[in-house]
Amino acid sequence: MSRRSLLGLTAALGLAGTGAATACTRVGSADDTEGGNLLERLRDQGTVRVGIAGEVPYGYINDEGELTGEAPEIAKVIFERLGVESVVPVPTEFGSLIPGLRAQQFDVVSAGMYINPDRCRQVIFSDPDYVMLDAFIVEAGNPLGLSSYEDIVASGARLASGTAYAEIDYAVAAGVPRDDILILPDQVAGMQAVAQGRVDAFAGTAITVREVVARNAEVESTEPFQPYVDGEPAIGAGGFAFRPTETNLRDAFNAELHRLKESGELLEIVRPFGFTEDEMTDLTAEELCRP
């Protein structure tokens, strides 16, 4: 990511598989209750619908057809403690997550979405549950010696990234022409583009890149690196997104998230997905939403 220019809602909500969007019952729009009443309604129905983008390890459906990933596993724990027993996935493209949330196709974005000022103008976020560096998928041996966005500019390398990934803006800030960046659906498509020689590098989060290259000996991951925008570190920290009217749900979710952080449970939940102590963070959404 995130990681990740929004697509049109109608085209973008092509849900994976067999019409998941129409199979889900919508939760009605928030009433006049200050802060929204979605949490109470979710408790009554016992189910919360979470938007995911099929991105390993953040949120995806595994080979057994089960919802899993860093963000969904956190969501399962927190929503159970909030009195909501069932977490149901609604798969879509990453660029459709915010439009889908605002259109009530699902109740929460559970996809490890980076928190940044542009997104904060459209949705509200929990505090982040992780912080992450970037990396490239490159040809095995990294023949161009790429280790930063500045290297892409200096070498004239062909760069790709994922739909609506934050890495696009990081590359542009470093001097890569936006129109020169090939936009692909996800990191799997990025890996294939590099392996086929269509691009020299695909930019993504370090953990996403590390996971996907394990499937193909023709490519490898570069070492993680810190991107910069206007001379300042671009902090890639991800959290859960909620509709702007639902501050009560966001605040209750945040309270449980902080309990997980303080107890050390958060790291234990996400460790199976490759996260370490290095990815834990005390940053807040308020800090990350500042222009």
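I started at Glu265, which is partly exposed with a relative accessible area of 31%. For my own bookkeeping, buried is under 20% relative accessible area, exposed is over 50%, and partly exposed is in between (1.4 Å probe, protein chains only).

A note on the source: this is a predicted model, where local features need pLDDT of at least 70, side-chain atom pairs count only at pLDDT 80 or more, and totals for chains, interfaces and linings use all residues. Residues are numbered from 1 along each chain as its sequence is written, and side-chain values use heavy atoms, with hydrogens and water left out.

**Salt bridges**

I looked up the partner of Glu265 and found Arg81, in a salt bridge of 2.8 Å, N to O. Arg81 sits in helix H4 (residues 70–81) and Glu265 in helix H12 (residues 265–270), so the pair ties together parts 184 residues apart in sequence. Arg81 is partly exposed too, at 43%. The cut-off here is a side-chain nitrogen of Lys or Arg within 4 Å of a carboxyl oxygen of Asp or Glu. Helices (H or I, at least four residues) and strands (E, at least two) are DSSP runs, numbered from the N terminus.

Next I checked Arg41 and Glu246, whose closest N and O atoms are 3.8 Å apart. This pair links distant parts of the chain: Arg41 is in helix H3 (residues 38–45), and Glu246 is in the loop between strand E15 (236–242) and helix H11 (247–263), 205 residues apart. Arg41 is buried at 19%, and Glu246 counts as buried at 2%.

How many salt bridges does a search of the whole structure find? I got 11.

**Thr222**

I then turned to Thr222, in the loop between strand E12 (219–221) and strand E13 (228–229). Is Thr222 buried or exposed? Thr222 counts as buried, because its relative accessibility is 8%. Leaving aside neighbours within four places in sequence, I listed its contacts (heavy atoms within 4.5 Å): Ala135, Phe136, Val138, Asn142 and Leu146. A polar atom of the Thr222 side chain lies 2.9 Å from the backbone nitrogen of Phe136.

**The sheet**

Strand E12 took me to an open sheet of 5 strands, in the order E10-E9-E11-E8-E12, with mixed pairing. Its edge strands are E10 (182–184) and E12, each pairing on one side only. Two strands pair if DSSP finds at least two bridges between them. I saw that 3 bridges join E9 (residues 159–162) to E10, and these strands run parallel. Ser161 stands opposite Ile183 in E10.

Terms used:
Polar contact = N/O pair within 3.5 Å; in protein donor to acceptor, adjacent residues only side chain to side chain.
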